[in-house]
Each structure stands twice: as structure tokens, then as C-alpha cells.
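Colleague: I have some questions about this model. Can we go through it together?

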Amino acid sequence: MNGSDRTERARERLGRACAVVLLLAGLLLAAREPAAAEGEYRLGPEDKIRLKVFEWRASQDEVFGWEALNDEYSLGAAGELSLPLVGSVQAAGATRDQLAKLISERLAQNMGLGRAPSVAVEIVAYRPFFIVGPVETPGAYPYRPGLTLLKALSLAGGLKTSEDGGARAVISGLGDLDVLLLQRDEVVAKLARLRAEMSGADFEAPPGLAARKGDAAVARLIAQEQAIFAARQEAFSTQMAALEQLRTNLQTEVPAQAALLDNVKAQADSLRDEVATIGKVVTGREVRDLERQITALEGQRLQGETSLLRAQQEVSRAEIAIIELRSQRTQSLAGEIRDTQGQFDQLERRIDTATSLVEDAEISSPLDGEAGRPRLRPLYSIVRAGADGQPVEFEAEETTQIEPGDAIKVELRRGQPVNLSGEI
């Protein structure tokens with residue numbers, strides 16, 4: 001072999017070596033470039049990867065590719081990866097470098113190689129993330145590196161909006177809701193008044209209404225219930241006072257009747273003693289006159305006993321009337337409280353329904369808050385698998401970085417919620 005042939009072969013070897021170096025460098029860059037962008041990303045179920053397995057065979061002066069393994073694979077539901085010549089590998093929770101090292105060692109062990117082959121792992125497709133709530137298209141979406149919550153929201157079409165009839169529905173719904181809230185205020189004030197009547201205490205506006213006395217409608221409602229309370233208290237007090245006065249008068253009459261009866265009895269007893277004493281020394285006519293007087297007194301005694309009994313009965317009737325008046329008032333108040341409580345419960349359900357309808361309409365309405373009611377604002381949270389594999393939920397913002405497998409929850413709430421809870 002002459003000098004020129006040796007030089008040509010040296011050049012060919014150098015060219016092949018450079019190609020091998022460039023190929024290996026390319027593989028290393030392919031393996032490292034995503035890691036630099038994604039950090040220590042850990043694989044999980046539904047991730048799709050591509051394997052590149054190569055071996056430098058010095059005896060043949062070439063790079064040998066393991067075509068049986070160089071393919072795309074998806075991690076199973078349990079995070080496992082089934083590979084030819086390798087078997088089942090648990091890939092979930094491993095980084096790409098860790099998985100590549102595991103596959104390389106498993107190949108060297110299974111195939112009896114003196115030197116483990118080079119393995120590069122690329123992520124072809126990440127497991128999806130999920131978005132739920134009032135968005136145009138909730139569901140699962142493919143993850144991409146650098147994804148923020150705002151970008152994820154744009155993939156789902158943004159917050160749900162609609163221009164046909166949304167504003168009209170909001171205005172109508174707010175009107176219905178205001179009517180229901182006013183009716184509930186009336187019921188709350190009435191319940192407070194009825195309970196004050198039942199307990200015998202003075203009427204005081206409930207805290208929820210008292211705090212809104214500056215509202216003309218609320219102030220008028222409280223004044224109305226105070227007037228009703230005063231009128232009913234006066235009527236009851238008048239009836240009770242009349243019955244108690246009657247009872248007092250009758251109770252005064254009873255001892256008077258008893259004293260009169262005692263007087264009649266004393267007169268009759270005195271005449272009987274007189275008849276017994278003088279009956280032997282006076283004429284029969286005089287005795288008969290005394291006996292007629294005794295008989296008259298006996299009649300008066302019977303009338304007195306009847307009058308006394310009647311007076312006692314009237315006292316009992318007056319006491320019964322007082323008890324019945326109180327009992328009837330208590331029963332009437334209990335019935336009114338029960339019925340009013342039922343109205344309150346029914347109004348609460350109707351208010352809940354009306355509130356939901358208004359909020360649904362506001363989601364799709366381009367209007368800002370009506371009548372001081374701020375428009376709903378979005379609140380975000382993310383449910384993500386923790387280090388122990390258990391789901392963890394935390395609040396998020398539009399700039400929060402999304403990870404594969406995240407579940408994004410979207411809610412709409414008022415910036416300054418209106419007090420929709422009734423206090424009774």
C-alpha cells in the first residue's frame with residue numbers, strides 16, 4: 001500500500017469518527033435540550049416517549065442502532081412501560097435521564113453486554129391536563145412546555161360568554177331576585193315581631209335589617225312592624241286588663257255576699273233562740289210571727305248562698321277567660337310563627353334558584369354589575385398529585401405554571417358578594 005492510499009484511508013476513518021462524534025453529540029443534545037426547558041420533569045401515565053438506543057462497535061468502526069427498541073411508547077395507566085428485550089419498566093416518577101439509565105442497565109443485564117448501550121429518552125407527547133368549570137369547552141387538552149393557566153384557559157376557549165339575550169336575562173333575573181329579597185326582609189321582620197310577642201319582650205329589628213336602616217324600604221318595613229307590634233300589644237293588654245278587672249270586682253263581691261249570708265244566718269239563729277226562750281210564756285200568735293220571720297230569713301239565706309255560689313262561679317269564669325285569652329294568643333302566635341317560618345324557607349329556596357339563574361346569566365352577559373352588584377370574577381384552583389401521590393388542591397393565578405395531569409377548576413364569584421343570607 002502506497003502513501004497516498006494510507007492517507008486516503010486515514011481521512012475516511014477521521015470522517016467516520018467525526019460523524020460518530022456529531023451523532024452522539026446530537027443524541028446528547030436531543031436528550032438534554034427538553035430537560036433544560038422543563039427542569040426535572042417526572043414521567044407519568046399517558047406520557048408518550050421516543051427511545052433512541054445506540055451502541056458504538058469499535059471492531060466494526062460504526063454506530064449500531066437498536067432498531068427493535070428505537071420507537072415511540074406510551075406509559076400505561078399505572079405508569080409502566082413495556083419494552084422489547086427489556087420487559088416491563090416502572091417509568092412513572094422517573095426523569096428521562098433516570099429512565100434512560102434504567103433501560104441501559106436492563107439491556108446490558110438481559111443481553112449479557114460488557115458495556116451498556118447509550119439510551120436517549122425524548123418526550124413526544126405529555127399526558128393531558130384538564131379544565132372544568134364555566135369555560136367554553138371544558139375537557140382534556142394536550143400539555144405543552146411553558147404552559148400557564150391563562151394559556152390553558154385560552155385553549156379551552158376562555159370563559160363562557162354569549163351575546164344573545166344575556167343582558168336581558170341579567171336585568172330580568174336581578175329584578176326577580178330583588179323582589180324575593182324584599183319579601184324575605186318582610187318575613188324576617190315579621191318573624192322577629194312574632195317572637196317578641198311570644199316572649200313578651202320588646203320588638204327589636206333583627207341585626208341584618210338594623211344594619212340597613214339607612215335604606216328607606218328597610219326603615220319603612222321596621223316602622224311598620226313596630227306599629228303592628230304596638231297595636232297588637234295594646235289590644236291584648238286591653239282585653240287582659242278588662243278580664244283582670246272583672247275578676248277583681250267579682251272577687252270583691254264574694255266576701256260581701258259571704259258577710260251578708262252570715263248576717264242572715266245570725267238573725268235566724270237569734271230568732272230561734274228567742275222562740276225557744278219565750279215560747280212557753282207568750283201566745284201562740286206571737287210564736288207564729290217569729291217563726292214566719294225565721295222562715296223569711298231562711299229564704300234570704302238560701303238566696304245569699306245562691307248569690308255567693310254565683311259570684312264564686314263568675315270569678316272562676318273570669319280566671320278561665322284570662323287563661324283562654326293567653327292560651328289562644330300563644331297558639332295563634334305559634335301558628336303564625338310556623339307559617340311565617342315556612343314562608344321564609346320557601347323564599348330561601350326561591351332565592352337560591354334565582355341567584356343561580358342570575359349568576360348563570362351574568363357569566364354569559366357582557367354587562368358590568370347592575371345596581372351596585374359587581375360582576376362575577378373568575379377564581380382558579382389546581383388539583384395536582386403531591387409527592388405521596390395524593391391529590392392536593394391549591395389556589396392559582398393566570399401566571400401559574402401548569403404541569404401535565406393538572407386539573408384546573410374555574411369558578412365565578414362576585415368581587416364583593418351581596419348579602420344573600422337572611423338572618424332570623
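Colleague: Which residue in S5 stands opposite Glu80?

Modeller: This is a predicted model, where local features need pLDDT of at least 70, side-chain atom pairs count only at pLDDT 80 or more, and totals for chains, interfaces and linings use all residues. Residues are numbered from 1 along each chain as its sequence is written, and side-chain values use heavy atoms, with hydrogens and water left out. Strands here are DSSP runs of E, at least two residues, and helices are runs of H or I, at least four, numbered from the N terminus. S4 (residues 80-83) runs antiparallel to S5 (residues 87-90), joined by 4 bridges, and the residue opposite Glu80 is Gln90.

Colleague: Which residues of S4 are on its covered face?

Modeller: In a regular strand the side chains alternate between the two faces of the sheet. On S4, Glu80 and Ser82 make up the uncovered face. The covered face holds Leu81 and Leu83.

Colleague: Which residue in the turn of the S4 and S5 hairpin has a positive phi?

Modeller: The hairpin has 3 residues between its strands. The phi in question is about 70 degrees. The residue is Leu85.

Colleague: Is Thr355 buried or exposed?

Modeller: Thr355 is in helix H7 (residues 284-364). A polar atom of its side chain lies 2.7 Å from the backbone oxygen of Ile351. Buried means under 20% relative accessible area, exposed over 50%, partly exposed in between (1.4 Å probe, protein chains only). Thr355 has 9%, so the residue is buried.

Definitions and conventions
Two strands pair if DSSP finds at least two bridges between them. A polar contact is a pair of N or O atoms within 3.5 Å; within protein, one must be able to donate a hydrogen and the other to accept it, and residues adjacent in sequence count only if both atoms are side-chain atoms.
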